[in-house]
Amino acid sequence: MRNFWKKCGIMLTAGVLTAATALSFTACNPSDNRGHVDEETGTVYLTFAGRSNDAEEANFRTFINQFMDEHPNYVIDVQWYANETAYMLALKGMGSDLPDLFFLGSDQFVSFAEAGLLADYKEYVDMDELKSLIYTEAAEAYCYNTVTDEFGWDPDNPDCGFYGYPKDQGPYALMYNKTLFTELADIYNNGRPESEQISLPSATRPYTYQEFIDVCLALKDVYEATYNQAFYPCAEYDLDSAIYSNNADYFDEGAFHQTITTDNFVQAIEFFQDLYTEGVVPPHGGTYAGGESAFINGNALFYYVGPWKMKDYWQSITFEWDLTPCCVGPAEGAVSTAYMGSMGYCIAAKSQVKEQAAYLAEWLATNEGAQRSQYMRGQSIPNLISLADEFNNDTLGLLANRESPDHRSVWIDIVDGYGTTKVDENGEEYTDCVTGRWRAARFTYSSAWRTDFSSWLSGQGTNGKCVWCNEITAKESLEQFAPLLQQLLDDMKAM
């Protein structure tokens with residue numbers, strides 16, 4: 001039964017099998033998705049599919065054109081979708097006749113791999129070499145064993161597959177409006193002793209939970225007194241980053257047992273609850289503008305951001321902004337740990353040009369010129385470890401005419417682990433206390449449980465009590481949801 005349901009691609013949501021998803025994997029007649037090689041001319045025809053906003057589409061059409069300029073025997077048809085919903089519906093509607101090379105998220109590829117829809121890159125990749133070029137977490141992001149359901153690379157196990165080169169790793173960092181922050185801090189600091197003054201957020205030392213709330217509330221008071229209108233300093237905060245940064249997680253390794261009732265997890269949710277009750281973020285369910293819109297329009301101090309948004313923000317933000325690590329909790333062993341979510345280049349199992357598609361994926365993910373083109377255009381941080389310093393410090397001047405952020409190094413700190421000694425922009429040594437962790441949904445067969453969890457805390461679950469509205473304590477709400485989450489985990493393991 002387990003393998004049957006997996007091959008059908010059926011997902012779980014709140015313990016119920018969703019038939020619509022199952023139907024989405026039914027076979028359909030071949031379309032124009034599948035490429036081929038013209039034996040007479042040697043020309044490679046293949047399809048490449050992706051999704052996102054106009055800025056990212058323009059970037060990827062540029063990258064693909066750059067590849068074809070360097071490889072004139074390739075003709076690549078780019079199929080692009082405006083958003084994730086339309087894209088995933090389109091992919092699932094194609095059945096097994098998928099594009100030769102296409103995007104899949106790090107929490108989406110498992111169901112495709114389990115259904116036999118993805119090609120295994122193993123014969124085209126030297127994993128040891130790849131891991132010497134790019135960050136280990138990125139190299140192994142799409143390594144998965146469809147028999148044991150284990151993630152990571154195991155060269156001695158033939159069931160361990162490599163299903164995608166990493167397009168990126170995210171990751172999220174906390175961004176701030178440097179122009180507005182400086183204005184409000186100057187007013188707040190006027191006449192205060194230096195020990196009580198507020199300085200700009202650090203690129204290397206994260207705020208603690210409490211420091212973040214204190215700074216936000218102090219500047220909130222200044223703003224409201226100066227402009228005589230309500231102000232919420234943080235347009236929105238990332239819940240997963242708050243949880244990870246208090247040395248907590250939703251479940252144990254392997255996603256066998258829920259861990260949302262641990263002290264560390266409860267404390268992280270209480271911090272998030274305080275953001276609402278203290279007025280740091282807009283009231284839950286209010287009529288305020290969405291987080292990103294509020295930040296772009298200069299109506300907030302903080303928001304979170306991934307490097308793929310740089311081009312958008314260069315075009316839309318008129319003030320100076322910068323990065324700081326996400327806040328760290330008080331739990332023992334806690335470090336600033338940001339949410340990471342990757343997209344990967346996956347090959348269709350039925351592609352007739354697998355080797356050629358793998359070559360294109362390798363070029364996009366590891367070619368120096370391609371990687372420079374990508375970070376120069378605000379698409380991503382470099383996958384290549386060797387390009388980290390030039391990206392952080394713009395040693396080649398590729399970002400000379402670009403706007404914020406100055407402290408791009410925060411994104412690199414997130415993906416390269418923590419605990420090492422580094423040198424900051426002032427030439428001073430510091431210990432890296434910033435890292436990242438993959439989104440929790442990556443480690444489960446379905447991500448529906450994560451939606452259920454968010455709905456529960458916001459009062460849309462069967463208990464109907466909103467943690468963010470202070471209708472119930474975080475501990476009580478989590479204790480009520482814990483058995484439901486455990487059942488979802490058990491159901492997914494039983495598939």
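Cys 160 counts as buried, at 2% relative accessibility. The model is a predicted one. The sulfur of Cys 160 has its closest cysteine sulfur in Cys 143, 5.5 Å away, which is too far for a bond. The cut-off for a disulfide is a pair of cysteine sulfur atoms within 2.5 Å. A search of the whole structure finds zero disulfides.

Now place Cys 160 in its sheet. Strand 9 covers residues 160-162. It belongs to an open sheet of three strands with antiparallel pairing, in the order 8-7-9. Strand 8 (150-151) and strand 9 stand at the edges; each has a single partner strand, so one side of each is left without a neighbour in the sheet. Strand 7 takes in residues 143-145 and pairs with strand 8 over two bridges, in the antiparallel sense. Tyr 144 stands opposite Phe 151 of strand 8. In a regular strand, side chains alternate between the two faces of the sheet.

Lys 122 sits in the loop between helix 5 (109-114) and helix 6 (127-133). Its side chain reaches the backbone oxygen of Cys 160 at 2.7 Å. The side chain of Lys 122 also makes a polar contact of 2.6 Å with the side chain of Asp 120. Beyond its neighbours within four places in sequence, Lys 122 is in contact with Trp 153, Pro 158, Cys 160, Gly 161 and Phe 162. Is Lys 122 buried, exposed or partly exposed? Its relative accessible area is 29%, so Lys 122 is partly exposed. Cys 160, by contrast, counts as buried. For a sense of scale, take Phe 231, which lies 109 residues from Lys 122 along the chain. The C-alpha atoms of these two residues are separated by 53 Å.

Glu 56 is found in helix 3, which runs over residues 54-70. Its relative accessibility is 6%, so Glu 56 counts as buried. Which residues does Glu 56 contact, leaving aside neighbours within four places in sequence? They are Arg 51, Trp 80, Phe 103, Lys 167 and Gln 379. With Gln 379 there is a polar contact, side chain to side chain, at 3.2 Å.

Turn to a parallel pair of strands. Strand 14 (residues 336-340) and strand 18 pair in the parallel sense over five bridges. Met 340 has Trp 438 of strand 18 as its bridge partner. Why is strand 18 described as largely enclosed by the rest of the structure? It spans residues 434-438, and four of its five residues are buried.

The buried residues are Ala 448, Trp 449, Arg 450, Asp 452, Phe 453, Trp 456 and Leu 457. Just after helix 18, Gly 459 takes a positive phi of about 90°.

Key:
Residues numbered from 1 in each chain as written. Predicted model: local features only at pLDDT ≥ 70, side-chain atom pairs only at ≥ 80, totals over all residues. Heavy atoms only, no water. Pairing = 2+ DSSP bridges. Buried < 20%, exposed > 50% of the residue type's maximum accessible area, 1.4 Å probe, protein only. Polar contact = N/O pair within 3.5 Å; in protein donor to acceptor, adjacent residues only side chain to side chain. Contact = heavy atoms within 4.5 Å.
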